Amino acid sequence: MTLYQLEQFKVVAELQHMTRAAEVLSTTQPALSRSMKNLEAEYDTIFFDHVGKNIVLNEKGQIFLKYVTQVLNSMHMAKHEINQQIEKEDTSVNLVIQAGGMIIADIIRKFTRIHPEVHFDIIQYDSWLLKSQQPDLVLYPGIAPQMSDSCCTLLKEDILLAIPADHPLAQEKEVHLAQIAQAPLVGIQKGSLIAAHIQYFYRSAGFEPNFIMDHYTSTSLSDMISIGMGFAFIPSLTWPGIANEHVKLVRIADVDFHRYVILS
């Protein structure tokens, strides 16, 4: 039994006329008759009663037609969903975000206005590490600008020092590393690019950074700073929401502390 046989049966059952069904199916009447007889033989029954020169779908044929219709409808739905999935995969873009997630939403919004058929799957970097999926695009931080056929630098941003607003240094426009050398640092993931960057500048100045906490959300990080848990180095553009009436951002005077956000 094949799907084509089921399609043939459905046409014959609906028309109850072998010659007209053969014309609709673009086949010959003898070939169609053989196909129906083979189908009946497979079920060891007959689906059509012969009344004179005409054929009539009997009760067993009506039962079979009910399930044939369900099968064919399901197969058509399956084909439709598969085609939709193929179209989605053809126009789907996996974007892994390691940095700069706050700026990408506006870029995607403007892009999809021009290309509404494109669908973006946004994946956080930590989640992507658990997958075997190869991303189409990666948004990541760098210490130098990149520009090639496969990547571009979206922005350069200063990295500022966040300190409690009631701290004496909050009154300064900029501070030196020596002034904060022993201060605990919160909100930086060990092993991250910013952590390595901080460590480089501290060691160049003869100090060792005192990291005491890993990364928090911008809201909780701001709270940690405001209650005096420590200072934090903050990318000025892509980490919004840190500065407020309780937290002040100041520059580091003796280093050019910045990073780049790159799309590859």
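Predicted model: local features only at pLDDT ≥ 70, side-chain atom pairs only at ≥ 80, totals over all residues.
Visitor: Is Asp106 buried, partly exposed or exposed?
Guide: Residues are numbered from 1 along each chain as its sequence is written, and side-chain values use heavy atoms, leaving out hydrogens and water. Buried means under 20% relative accessible area and exposed over 50%, with partly exposed in between (1.4 Å probe, protein chains only). Asp106 has a relative accessible area of 32%, so the residue is partly exposed.

Visitor: Which residues are linked with Asp106 in a network of salt bridges?
Guide: A salt bridge here is a side-chain nitrogen of Lys or Arg within 4 Å of a carboxyl oxygen of Asp or Glu. Asp106 meets Arg109 at 2.9 Å, N to O, and Lys110 with the closest N and O atoms 3.2 Å apart. The network therefore links Asp106 with Arg109 and Lys110.

Visitor: Where do Asp106 and Lys110 lie?
Guide: Helices (H or I, at least four residues) and strands (E, at least two) are DSSP runs, numbered from the N terminus. Asp106 and Lys110 are four residues apart, about one turn of the helix, and both lie in helix α5.

Visitor: How many residues apart in sequence are the parts that Asp158 and Arg251 tie together?
Guide: Asp158 and Arg251 form a salt bridge, with the closest N and O atoms 2.8 Å apart. Asp158 lies in strand β6 (residues 152-164) and Arg251 in strand β11 (residues 247-252), so the pair ties together parts separated in sequence by 93 residues.
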